[in-house]
Amino acid sequence: MMHQDHLRNLLEGVRSGEVAIDAALDRMSHLPFEDLGFAKLDHHRALRHGLTEVIFGKGKTAAQISEIAGRLLAKSDNLLITRATEAIAGDLKARYPEAEFFPASGAVRVWRDRTIRGKGKLAVVCAGTSDIPVAEEAQVTAEVMGNEVDAIHDIGVAGIHRLIANSERLMAARVIVVCAGMEGALPSAVGGMVSAPVIAVPTSVGYGASFQGLAALLGMLNSCASNVTVVNIDNGFGAGYVASLINRL
């Protein structure tokens with residue numbers, strides 16, 4: 001738990017005028033965590049980043065996830081778990097009936113506060129149907145962080161007319177997440193059409209020479225579209241999170 005003496009001294013400093021309000025907010029953003037033994041929960045992450053700590057489900061037991069989720073929801077309206085199994089999702093839904101499970105991506109969310117905090121619409125695009133699981137993770141993340149998301153699927157460069165047909169929707173977005181496997185060309189094509197930031201997500205979709213997404217990653221890193229930046233392979237969560245932060249600026 002947070003150190004009460006630390007917080008009391010800080011608040012006394014604000015009351016006396018010795019500590020400015022902005023300085024106090026800065027210090028509070030680094031207050032201690034809650035120690036569960038197997039996990040240390042950062043309850044002040046929402047103050048720093050705009051979203052409570054997210055649970056990475058892979059490698060954790062159902063009991064561990066359940067305990068962490070309960071502690072986080074005691075202090076926050078929203079919760080996001082990534083890479084969860086169906087069994088873990090079922091356990092959480094039994095405790096929290098409002099919990100939603102997205103089987104394609106393995107995401108679970110409790111979305112009680114649906115306030116829109118983004119300054120504009122955020123688009124999540126994928127090149128092919130096989131990329132939808134990664135795009136879904138990005139979409140769920142961005143939505144639970146308070147964004148209106150326009151999901152556009154299956155508009156890869158193998159049928160470039162599909163991309164052109166969605167140009168108005170893309171240009172209406174303030175930030176765009178683009179998920180693609182194979183050669184990873186779609187983010188460059190999108191980046192050349194819009195002025196908004198484009199966050200490229202290489203997916204591990206493709207034949208042997210795609211090297212489980214490495215070819216797409218290298219292609220995106222070498223994009224000649226200057227508004228394209230890249231996250232790790234299959235990291236829909238990271239793309240959705242960063243896109244949300246950009247959309248609040």
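Analyst: Helix α6 (residues 132-144) packs with helix α11 (residues 236-247) at an angle of about 35 degrees, and their axes are 7 Å apart. The model is predicted.

User: What makes the crossing of α6 and α11 right-handed?

Analyst: A crossing counts as right-handed if the near helix is turned clockwise from the far one by less than a right angle. The crossing of α6 and α11 is right-handed. So the near helix is turned clockwise here.

User: Which residues make the contact?

Analyst: From α6 come Val134, Glu137, Ala138, Thr141 and Ala142. From α11 come Gly236, Phe237, Gly240 and Tyr241. By class, that contact has five nonpolar, three polar and one charged residues.

User: How many aromatic pairs does a search of the whole structure find?

Analyst: It finds one aromatic pair. The partners are Phe237 and Tyr241.

User: Why is the pair of Phe237 and Tyr241 called edge-to-face?

Analyst: Rings pair if their centres lie within 6.5 Å, and planes over 60 degrees apart count as edge-to-face. Phe237 and Tyr241 are 5.5 Å centre to centre, with 70 degrees between the planes.

User: Why are Phe237 and Tyr241 separated by about one helical turn?

Analyst: Because they are four residues apart in helix α11.

User: What lines the largest pocket?

Analyst: The largest pocket holds about 280 Å³ of space. Its lining has 17 residues, with Ala46, Gly50, Leu51, Thr52 and Ser76 closest to the centre. The lining divides into five nonpolar, seven polar and five charged residues.

User: What lines the second largest pocket?

Analyst: This pocket has a volume of about 230 Å³. Of its 17 lining residues, Ala127, Gly128, Gly156, Met182 and Glu183 lie nearest the centre. By class, the lining has eight nonpolar, six polar and three charged residues.

Terms used. Residues are numbered from 1 along each chain as its sequence is written. This is a predicted model: local features need pLDDT of at least 70, side-chain atom pairs count only at pLDDT 80 or more; totals for chains, interfaces and linings use all residues. Side-chain values use heavy atoms; hydrogens and water are left out. Axes are lines fitted to C-alpha atoms, for helices over the stretch in contact, and angles run from 0 to 180 degrees between N-to-C directions. Helices (H or I, at least four residues) and strands (E, at least two) are DSSP runs, numbered from the N terminus. Contact means heavy atoms within 4.5 Å. Ala, Val, Leu, Ile, Met, Phe, Trp, Tyr, Cys and Pro count as nonpolar, Asp, Glu, Lys and Arg as charged, and the others, Gly among them, as polar. On a 1 Å grid over the protein atoms alone, a cavity is a set of points where a 1.4 Å probe fits but cannot get out, and a pocket is an open set with protein on both sides within 12 Å along at least five of seven lines; lining residues have an atom within 4 Å of a point. Grid points are joined across faces, edges and corners, and a volume is the space filled by probe spheres set on the points. Rings of Phe, Tyr and Trp (its six-membered ring) pair if their centres lie within 6.5 Å; planes under 30 degrees apart count as stacked, over 60 as edge-to-face and the rest as tilted.
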